[in-house]
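Please look over the sequence and the structure before reading on.

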There are 2 protein chains.
Amino acid sequence: MFQVIDGGVTSAKGFKAANTAAGIKYTGRDDMAMIVSDSPCRSAGTYTKNVVKAAPVQFDRMRTDNTADIHAIVVNAGIANACTGMEGLKCCRLTADKAAELLDVRTDSILVASTGVIGMQLPMEKLEAGIDAMVPKLSSDREAGHAAAKAIMTTDTRPKECAVTFEIDGKTCTIGGMTKGAGMIHPNMGTMLCFITTDCEIEKWALLEALKTSVKDSFNMISVDGDTSTNDTCIILSNGQAKNKIVTKDSEEYGIFLEALQYLTKSLARQMAADGEGASHLLEVHVKNASSDENARILAKSVITSNLTKAAIYGRDANWGRILCALGYSGVNFDPERVDLYFESVNGKLKIIENGVATDYSEEKATQILSAEEVICTCDMKDGSADATAWGCDLTYDYVKINADYRS
Amino acid sequence: MFQVIDGGVTSAKGFKAANTAAGIKYTGRDDMAMIVSDSPCRSAGTYTKNVVKAAPVQFDRMRTDNTADIHAIVVNAGIANACTGMEGLKCCRLTADKAAELLDVRTDSILVASTGVIGMQLPMEKLEAGIDAMVPKLSSDREAGHAAAKAIMTTDTRPKECAVTFEIDGKTCTIGGMTKGAGMIHPNMGTMLCFITTDCEIEKWALLEALKTSVKDSFNMISVDGDTSTNDTCIILSNGQAKNKIVTKDSEEYGIFLEALQYLTKSLARQMAADGEGASHLLEVHVKNASSDENARILAKSVITSNLTKAAIYGRDANWGRILCALGYSGVNFDPERVDLYFESVNGKLKIIENGVATDYSEEKATQILSAEEVICTCDMKDGSADATAWGCDLTYDYVKINADYRS
């Protein structure tokens, strides 16, 4: 019911983006981006469940919960504005006020987001100069969205974007999004920063419900390192410029919108796991036939979070004992002697365990399967009918290198 | 009330040990050990809470729970005898029967333990030949205990032992122990393999209670990689040869026994964290003034388990944001703006955060402190009066190397 198109945050009607090199922490690269809608948007956000919440998370949560109209989001990379006290919240307000002034919109219609090092204060002069530079450059071009996706990267090696179109009530609607995040990824909500724009007209509560549902099976199902960030933010803006009949929670069209949004968030989450810090493999774990949806999710996440499983995937080693072990300590009860386990990739598929014990598989064939860039591990629990999928990556020398050096 | 002595599992009266190179998986090194008491022992054990339990865990749990007298423990390294089905349990029984026959004791008085690769069956002929070789060599020498501690190592780089003596009722009692474990260490009970012997006469339920209490604040407070093993086992044997008045749970002497056992288990746990796979630093985390004992423990474990904190410690980077972040996602509620944080080592002590915000500390001095082999991080929550300590290690290239290659 939807089509995937080449696009990002500028694909939906009425959305523009811009980027600049404000010199906040990095040199020689862009580090600020803006997303602006021509007309006011309904908004919804999901944020980190970490007790330690960055200033922009506290700031945006208040605004997405309480403000009817949102016009723009201002984002910086390099400094997370987390653990910055009252001074940090003041920076959010000054940033928003500056953008509102230049865009000539209400001051409470601006959201802000930050990612980078925890504990440093933002250099406000550089941020304000960055906004000055971006506003005249705002553009709805495909390239403007792409450049914005690049500007918000930290240790990411590539930008992450996705866009889909679908029809509601004879009108073409579009959802586009971008996300960043490669480390401190174990979202208990959405991960790091994700911005989604749509021109679909949809009620605020339907928008929030669709976002929460999509996030549960996408951003909440990936892990790079088991660390939940202080800055996790996922915001969706809807400006209604597709002029469709408004989508409500109970309408038939809600299903169409949700299906498209779910595809988009899963695509972005998968891109994030594949670009995990230092990663050389994407690991996709399917848990099948678990006793409940919640248990299926817990089991799948336990496997992708296991350092030992991740190191084995890096070594192309079919060390299935570590996977069974990670299922075992997940907290979910099951009978280990019923579990079947498969490895699969473009290089083939192998049943590795049957009823908890190793099959007579070829280690050589297994290594060949695990040599592919994307590896799927399926765990059949034979304990019910619930399924879940989680995405992670391998643990490599480069993960350690990146994180031993990150601040310096 | 107790004294630390140079010793291990042969320090308590009436305990002997032996070791041999049985060629189970490794070549050119010892890989089997036995601990034998002259006289029958009361026993207590704590085992992994992983749903996937290795055969020896299932086997020993039945025996420590139900058998009055235990005489010996037979241990092998190289193969974990986990995920081995009925065949695996049969190997436990055959091993115990063989040892009982040669020692001329009841067949149900033998415990077995295994550590190593998951999913392979034990080569029974080699195990039986190993027992044949060890029984004539049993010795109560200090060196015999030390050699046994070496024989049970897998990726450990050094043996881990401790012994303490104390007086009960005018009689000198001794507790000695050895442990192994460097990876798959995130015990939800005791970790990997730990064997403790004592000549103190103590009731079975007092022994179990003392073991559980000690394990909670020692082996359950360390983590190398967040992976809880299938084989975690901690067994204590008491043969009563000190001839003291029997210690009961309600006696005054129970406190003396417990204090000595707690010291011993903490020492062994600390040694294990310091020898974590690939580790170059021991990280000791003190959580002070938390709202409850349970919360203090959860907070301390969350910090030592954080991959990002571990990588920062490797990089000697005072990246306190990651520590605050790990406290924040632990699941415990607290006010981030009250937290103080200190780093400490032989090179000095620094207050890094006060009330949730960075102090004006010297990064150079912080790096110097973090360059020591043992680093202490103190988190003052100012939220109550409960304290907890946890031990972990840094995340290094070598951890990845060891675990990408372990099976091959």
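The buried residues of H1(B) are covered by elements that include strand S3 (32-47), strand S4 (70-79), helix H2 (85-103), strand S5 (110-117), helix H5 (204-216) and strand S10 (233-238) of chain B. Contact here means heavy atoms within 4.5 Å. Helices (H or I, at least four residues) and strands (E, at least two) are DSSP runs, numbered from the N terminus.

This is a predicted model, in which local features need pLDDT of at least 70, side-chain atom pairs count only at pLDDT 80 or more, and totals for chains, interfaces and linings use all residues. Residues are numbered from 1 along each chain as its sequence is written, chains are lettered from A and ligands numbered from 1 in the order in which they are written, and side-chain values use heavy atoms, with hydrogens and water left out.

**Helix H1 of chain B**

- Ala55(B), Pro56(B), Val57(B), Phe59(B), Asp60(B), Arg63(B) and Thr64(B) are buried in H1(B). Buried means under 20% relative accessible area, exposed over 50%, and partly exposed in between (1.4 Å probe, protein chains only).
- The 12 residues of H1(B), residues 55-66, should span 16 Å at 1.5 Å a residue. The expected span is 1.5 Å times one less than the number of residues. The end C-alpha atoms of H1(B) are 17 Å apart, which agrees.

**Sheet of chain B**

- Seven strands of chain B form an open sheet with mixed pairing, in the order S9-S16-S11-S15-S12-S13-S14. Two strands pair if DSSP finds at least two bridges between them.
- Strand S9 (222-223) and strand S14 (357-358) of chain B are the edge strands, each pairing on one side only.
- Helix H6 (residues 253-274) of chain B packs on the sheet and touches S9, S11, S15 and strand S16 (386-393) of chain B. The direction of H6(B) makes about 40 degrees with that of S16(B). Axes are lines fitted to C-alpha atoms, for helices over the stretch in contact, and angles run from 0 to 180 degrees between N-to-C directions.
- S11 (residues 282-290) and S15 (residues 374-380) of chain B pair in the parallel sense over seven bridges. Val285(B) has Cys377(B) as its bridge partner in S15(B).

**Helix pairs of chain A**

- The axes of H1 (residues 55-66) and H2 (residues 85-103) of chain A come within 8 Å and cross at roughly 55 degrees. That makes H1(A) oblique to H2(A). Angles under 35 degrees count as roughly parallel, over 145 as roughly antiparallel, 65 to 115 as roughly perpendicular and the rest as oblique.
- Ala55(A), Pro56(A), Gln58(A), Phe59(A) and Arg63(A) of H1(A) meet Gly88(A), Leu89(A), Cys92(A), Arg93(A) and Ala96(A) of H2(A).
- The axes of H5 (residues 204-216) and H6 (residues 253-274) of chain A come within 9 Å and cross at roughly 40 degrees. That makes H5(A) oblique to H6(A).

**Strands and burial in chain A**

- Seven bridges join S11(A) to S16 (residues 386-393) of chain A, and the two run antiparallel. Ala386(A) in S16(A) is the bridge partner of Ala290(A).
- In H8 (residues 307-314) of chain A, seven of the eight residues are buried. Just after H8(A), Arg316(A) takes a positive phi of about 55 degrees.
- Val4(A) lies in S1 (residues 2-5) of chain A. At 47% relative accessibility, Val4(A) counts as partly exposed.
- Beyond its neighbours within four places in sequence, Val4(A) is in contact with Ala163(A), Val164(A) and Tyr263(A).
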